[in-house]
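Here is a short report for a first look. Keep the sequence and the 3D view at hand while reading.

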Amino acid sequence: MRIGIVAESAATETRVAATPATVDRLVKLGYQVAVESGAGDDAQYSNAAFADAGATVVDGDEAWSCDIVLKVTAPTGAEVGRLREGSALVGLLSPALDPDLLDALTARRVTGLSMDAVPRISRAQSMDVLSSMANIAGYRAVVEAVHEFGRFLPGQVTAAGKVPAAKILVAGAGVAGLAAIGAASRLGAIVRATDPRPEVADQVASVGGQYLPVEVDEQMQSTDGYAKATSTDYDRLAAALYSEQARDVDIIITTALIPGRPAPRLITAADVAAMRAGSVIVDMAAGQGGNVEGSVPGGRVVTDNGVTILGYTDLAGRLPAQASQLYGTNVVNLLKLLTPEHDGQLDIDLDDVVQRAITVTHQGELLWPPPPTQVSVAPAAAIAPVAPQRSEEAPIRRRWTAPVLLSAGLAALFWVIAAAPPPLPQHFTVLLLAIVIGYYVIGKVHHALHTPLMSVTNAISGIIVVGAMLQLGVDQPAVRVLAFVAVLAAGVNVFGGFAVTRRMLGMFSKG
């Protein structure tokens with residue numbers, strides 16, 4: 001089958017659905033690849049680079065007529081008409097927001113594979129375009145905010161005076177939010193974050209942010225891996241938190257999105273009016289209604305009190321080379337799943353949960369929405385601990401086992417001392433005392449102190465090696481064998497101890 005990589009028609013779209021590196025991987029899957037001339041120019045991938053990777057550079061009509069068409073954004077009505085009937089289309093189709101597109105694809109018997117419908121399960125992570133693009137967009141949101149802010153983010157103390165650190169609030173700690181928190185904290189800002197899910201607090205802290213909880217009784221959990229709508233109580237308490245933070249922070253970045261629904265309103269006009277002049281807001285949800293009152297999709301607005309609101313919808317596309325590479329890799333991973341024989345033939349298995357979720361139209365049939373995919377489960381109800389059944393025999397067994405074993409050991413010791421010829425009784429007594437003392441000395445030491453203790457054990461092993469070497473000259477074969485075994489075992493312990501100690505010390509050495 002032949003794959004066509006087409007140029008994006010949207011004026012602000014700079015990404016391309018494949019790169020020379022991913023074209024090479026598509027060819028290895030058995031596909032023939034055709035690239036529309038100039039499709040990768042905005043992402044700095046030339047026609048020559050695609051040709052060197054094994055693709056054929058063609059005109060637009062030929063690329064659109066291929067068996068499989070790879071695209072980033074959803075096609076327009078005119079572009080749907082360029083698709084060959086019975087072909088397959090891979091792209092960000094937004095099936096929940098564009099039913100007209102699904103009807104058009106169904107009418108042309110086109111198999112629509114929507115990259116933004118990948119279920120968030122472990123097996124599908126390598127195809128999760130939303131996470132790949134959100135990671136880039138979160139980083140870029142910080143870059144855009146800092147550019148508009150025009151001041152230092154880290155605090156500084158200079159001869160000319162003290163510069164306070166900038167304060168940033170990130171609403172939402174998903175992939176985009178965590179990327180924004182990490183980027184801002186690395187630039188030296190004081191970063192705070194909110195999210196309905198309290199379990200993300202550790203994730204926020206791990207990338208340098210401070211989690212601001214909204215205390216509600218409701219358990220904010222999702223069974224499909226995406227955010228869900230919050231309760232009225234949560235919204236009321238969160239609104240108070242946002243109003244308080246708006247008066248204190250310099251930059252707000254909002255990332256709250258619910259798939260298939262308009263973006264929730266988080267920052268009101270009153271909150272914006274309460275911010276200081278020069279403050280910046282980046283509304284990453286502007287394309288779906290916006291988290292911020294007054295934001296304009298794709299636009300930049302400056303309020304009367306000097307607050308800049310950015311509603312850019314092409315944040316990932318502002319880093320086109322990397323975004324195209326990640327998107328193209330996600331597409332390759334999908335096609336690897338759909339081409340199990342690596343023979344260049346698309347084989348869709350609708351019984352597979354991942355393939356069923358992304359297939360929105362197929363052979364003239366509308367398949368959206370897919371059956372729900374369970375990716376997490378509610379916490380299991382606490383199980384009351386069951387008291388262990390007491391056995392009447394166990395205490396009795398414990399009462400007589402220890403004394404019997406102790407008596408047997410003492411009897412064996414006295415028999416050896418009485419029957420063995422000298423100096424074996426003395427040596428045997430020292431051996432037993434060494435075992436008992438060693439057990440209680442080493443066994444009772446905390447694990448964190450075992451490495452410093454190696455110096456002591458190495459010294460003891462060294463003494464054993466010297467003593468055993470002296471016994472090698474004895475004429476008795478049994479003594480020689482035991483002495484050889486002692487030298488071997490103690491030598492391994494010494495060399496092993498030094499090797500481990502050297503490795504531990506190497507962890508603290510620079511370079």
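## The chain as a whole

Among contacts in the protein chain between residues at least 6 apart in sequence, what percentage join residues at least 24 apart? The figure is 63%. This is a predicted model.

The protein chain holds 16 helices and 17 strands. It has 511 residues, and 39% of them count as buried.

## A buried asparagine

Start inside, with Asn330. This residue sits in helix α11, which spans 320–338. Is Asn330 buried or exposed? Asn330 is buried, because its relative accessible area is 5% and the cut-off for buried is under 20%.

Leave aside residues up to four places away in sequence. Asn330 then touches Met115, Ser126, Met127, Asp128, Val129 and Ser132.

Asp349 lies in the loop between α11 (320–338) and α12 (353–358). Helix α11 is also the place of Asn330. Asp349 has a relative accessibility of 37%, so it counts as partly exposed. Partly exposed means between the 20% limit for buried and the 50% limit for exposed.

## Two positive phi angles

Next comes the backbone. Ser94 is not a glycine, yet its phi is positive, at about 45°. Look for Ser94 in the loop between β5 (88–92) and α5 (99–107). Its relative accessible area is 30%, so Ser94 is partly exposed.

Arg109 also has a positive phi without being a glycine. Here the angle is about 55°. Where is Arg109 placed? Arg109 is in the loop between α5 and β6 (111–114). At 45% relative accessibility, Arg109 counts as partly exposed.

## A cis peptide bond

One more backbone feature remains. Which two residues does a cis peptide bond join? They are Trp368 and Pro369. Omega is about 0° at this bond. Pro369 is found in the loop between β17 (365–366) and α13 (393–419).

Methods. Residues numbered from 1 in each chain as written. Predicted model: local features only at pLDDT ≥ 70, side-chain atom pairs only at ≥ 80, totals over all residues. Heavy atoms only, no water. Helix = DSSP H or I, 4+ residues; strand = E, 2+ residues; numbered from the N terminus. Buried < 20%, exposed > 50% of the residue type's maximum accessible area, 1.4 Å probe, protein only. Contact = heavy atoms within 4.5 Å.
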